[in-house]
Amino acid sequence: MFANPLIERLDSRSAVIAIVGLGYVGLPLAIRYAEVGYRVIGIDIDHDKITRLNAGQSYIDHIPAGKVAVAKANGFVATSQFDVIAEADAIILCLPTPLSRQREPDLSYVLNTLDAIKPWLHAGQVVSLESTTYPGTTDEEVKPRIESTGLTVGEDLFLVYSPEREDPGNARFSTDNIPKICGGITPHCLTVGIALYGQVTNQVIPVSSTRTAEMTKLLENIHRAVNIGLVNEIKMLTDRMGIDVYEVINAAATKPFGFVPYYPGPGIGGHCIPVDPFYLTWKAHEYGIHTRFIELAGEINNAMPGWVVQKLIDALNRVGKPIKNSKVLVLGVAYKKNVDDARESPAVRVMDHLARKEAIVSYSDPHLPVFPKMRDHRFDLQSLALTEQSLSDQDAIIITTAHDLFDYDFIKAHAKLIIDTRGVYRVSDPKVIKA
Ligand SMILES: NC(=O)c1ccc[n+]([C@@H]2O[C@H](COP(=O)([O-])OP(=O)(O)OC[C@H]3O[C@@H](n4cnc5c(N)ncnc54)[C@H](O)[C@@H]3O)[C@@H](O)[C@H]2O)c1
């Protein structure tokens, strides 16, 4: 049994935890560590987030301000100063891992941050990477950077990879009851990793290496991307065949084994599913493998916003209207229901298609009162309040994200034409087009 003062501090909850990157992953984790009694320091480069968190406010819809306030009362502080790393026993990196414009892994956030914290790393600490990435990142990229300080991983400092599993907006699961995968660079690293996470989650699942842990996370997300691609392809076929795809999926889901229901939509969104599979595709090339399932699912899912807009164009055509100058309201801009996150949202891609065709585009999303700033999309719009007048003014409405806060009966009562990409309206109606 490997005994170490760091493990004792983790077990007794006297260790100081530094969470780097206070986003959708880092903030709930920081709150959870504070909740169980650790002193937690949050580090982020976004000054606005730091100010709000230090004032006990939340900036994420599904994280109540009360939870931040309790964390604050338990000693949680947020800062942009990296020198606090010197005080930390555990450093957990929850940084973005996007794709570059060429759709290649962009590890710059992780690697630049490692360079920034290096001067304050010292013996007796554990570093955990949580960002989703390709197998090999922790041992090929993170370990050498840490060891360039003169510290030896597995002896002086411990290094693990433990991917985040989050389902924002899902009230049944949170950090404490989602089993957590953990892989270490060495067996001692893994032991420390288990001590680090064992206090805040009900189950730590140890795996034999950081590469296995990295690959596990990618498999989980690729599994979703591929199955959503499959069901989107089936949807296009059933649409032509006059079969209701939702009826088919729900009937298939009565099979008590061997079938998992996935539902079609206007494409895939969020920070994970559209991005992560391509981390593996890129790495696979190094091994001479072309990951065809991933590419194909990406192709089908990426084609969905255009397919939805074509359904709208056809429906308008039937009533003698061109898409140009038609008023189209997009309902739900977040990438999934009941959240306020519009990253990579297919709704935004639908809006882009509409704008290119010179439709008069507006949107309504109770979770996003102002259209968010995005790197690749720009709409100077505010969420439209849904009234009899604002609905009946539209030539068409596209339901892209079926938030619970929408009143679907009211919408249907006052809309002229609805393109329903989420299977909201199950009873057939001449003004509702399934897409
Ligand atoms: N959002 C999810 O549901 C989810 C689920 C599982 C895994 N992940 C993965 O977790 C990682 C983080 O995702 P996220 O959704 O929390 O991202 P996010 O964009 O919400 O949060 C990242 C945070 O890091 C901060 N940041 C950026 N550069 C920094 C730096 N140099 N130093 C300190 N802070 C910095 C940003 O300001 C932001 O607050 C990604 O790899 C993602 O793929 C996300």
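Author: What follows covers cysteines, backbone angles and a surface patch in a predicted model.

Reader: Cysteines, then. How many disulfides does the structure hold?
Author: The count is 0 disulfides. Cys182 is in none, and the nearest cysteine sulfur, that of Cys189, is 9.4 Å away. A pair would have to be within 2.5 Å to count.

Reader: Is Cys182 buried or exposed?
Author: Cys182 counts as buried because its relative accessibility is 0%, and the cut-off for buried is under 20%.

Reader: What about Cys272?
Author: Cys272 is also in no disulfide; the nearest cysteine sulfur belongs to Cys94, 12 Å away. Cys272 has a relative accessible area of 31%, so it is partly exposed.

Reader: Where does Arg13 lie?
Author: In the loop between α1 (5-11) and β1 (16-20). Arg13 is partly exposed, at 32% relative accessible area.
Arg103 also has a positive phi, near 60 degrees. Its place is the loop between β4 (90-93) and α5 (108-117), and Arg103 is partly exposed at 43%.

Reader: Last one, the surface. Which residues make the nonpolar patch of about 360 Å²?
Author: Leu237, Met241, Ile243 and Val248 make that patch.

Reader: Where is Val248 found?
Author: Val248 is in helix α9, residues 245-252. Its relative accessibility is 38%, so Val248 counts as partly exposed.

Definitions and conventions
Residues are numbered from 1 along each chain as its sequence is written. This is a predicted model: local features need pLDDT of at least 70, side-chain atom pairs count only at pLDDT 80 or more; totals for chains, interfaces and linings use all residues. Side-chain values use heavy atoms; hydrogens and water are left out. Patches are made of residues with over 30% relative accessible area and no salt bridge: like charges are joined within 9 Å, nonpolar side chains (Val, Leu, Ile, Met, Phe, Trp, Tyr) within 5 Å. Accessible areas come from the Shrake-Rupley method with a 1.4 Å probe; for residues, only the protein chains shown count as cover. A salt bridge is a side-chain nitrogen of Lys or Arg within 4 Å of a carboxyl oxygen of Asp or Glu. Helices (H or I, at least four residues) and strands (E, at least two) are DSSP runs, numbered from the N terminus. Buried means under 20% relative accessible area, exposed over 50%, partly exposed in between (1.4 Å probe, protein chains only).
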